[in-house]
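Please look over the model shown here. The report goes from the whole chain down to single side chains.

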Amino acid sequence: MGSSLIDLLEKMLKLHKSLQQISLNKTAVIKEGNLTSLTALMQEEQKHIHAINTLEQKRIGLMTELTGKKSAGLQEALPHIEEKEHEPLLRMQEEMLAVLTALKETNTLNQLLLEQSMQFVSLNMDLLMPSADGQTYGNRGDDQSNETIKPLFDSQA
């Protein structure tokens, strides 16, 4: 039972490392502003997430078989696993924690970069197409006088 848990965790670790690499690639693509590559990376990311979710369900099933608890962690499962398999499992747990921490940091950076990119696009759109209710020049219709506005610069001089 422990060896199947080791195999499962190795697969999950491999997928998480691959997902981390995709996130790092996304950072570079976001900085470049390449939407086509970003879309492709996001599709690849979704495939990884689906595979990880499938493996997570299997892990929950194994842990339930071992401990009788659906939400059992590795520490609760260790007494039910051969002692020779404790060290590899604990090593994988540490490695998984490191990968997940790095993945979280990379995703946070990507989110910030995307937000900045969206703000930049919004600012450029505002500059290129000012709103209709913004400042306008000329007669606003609420002026009572019929005087024409004289230019500040006389081009005939």
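This is a predicted model: local features need pLDDT of at least 70, side-chain atom pairs count only at pLDDT 80 or more; totals for chains, interfaces and linings use all residues.

Residues are numbered from 1 along each chain as its sequence is written, and side-chain values use heavy atoms, leaving out hydrogens and water.

**Whole chain.** The chain has four helices and zero strands. Helices are DSSP runs of H or I with at least four residues, strands are E runs of at least two, and both are numbered from the N terminus. The order from the N terminus is α-α-α-α. Of the 157 residues, 29% are buried. Buried means under 20% relative accessible area, exposed over 50%, and partly exposed in between, with a 1.4 Å probe and protein chains only. The chain exposes about 12000 Å², and carbon and sulfur atoms supply 55% of that area. Accessible areas come from the Shrake-Rupley method with a 1.4 Å probe; for residues, only the protein chains shown count as cover. Among contacts (heavy atoms within 4.5 Å) with a separation of 6 or more, 66% join residues 24 or more positions apart.

**Helix α2.** This helix takes in residues 35-67, 33 residues in total. From first C-alpha to last, α2 reaches 46 Å, close to the 48 Å expected at 1.5 Å a residue. That expected span is 1.5 Å times one less than the number of residues. Buried positions in α2 include L38, L41, E45, H48, I52, L55 and R59. An α-helix has 3.6 residues a turn, so residues three or four places apart point the same way.

**The end of α2.** T67 belongs to α2 and is buried at 18% relative accessible area. Beyond its neighbours within four places in sequence, T67 contacts A72, E76, A77 and H80. G68 follows α2 and has a positive phi, near 85°.

The table lists polar contacts: pairs of N or O atoms within 3.5 Å; within protein, one must be able to donate a hydrogen and the other to accept it, and residues adjacent in sequence count only if both atoms are side-chain atoms.

| Side chain | Backbone atom | Distance |
|---|---|---|
| N34 (oxygen) | T36 nitrogen | within 3.2 Å |
| T67 | M63 oxygen | 2.7 Å |
| T67 (polar atom) | K69 nitrogen | 3.1 Å |

**Other positions.** L24 sits in helix α1 (residues 2-32). L24 is partly exposed, at 41% relative accessible area. L24 and T106 are 82 residues apart in sequence, yet 6.6 Å apart in space, C-alpha to C-alpha. M129 lies in the segment after α4 (86-128). M129 counts as exposed, at 54% relative accessibility.
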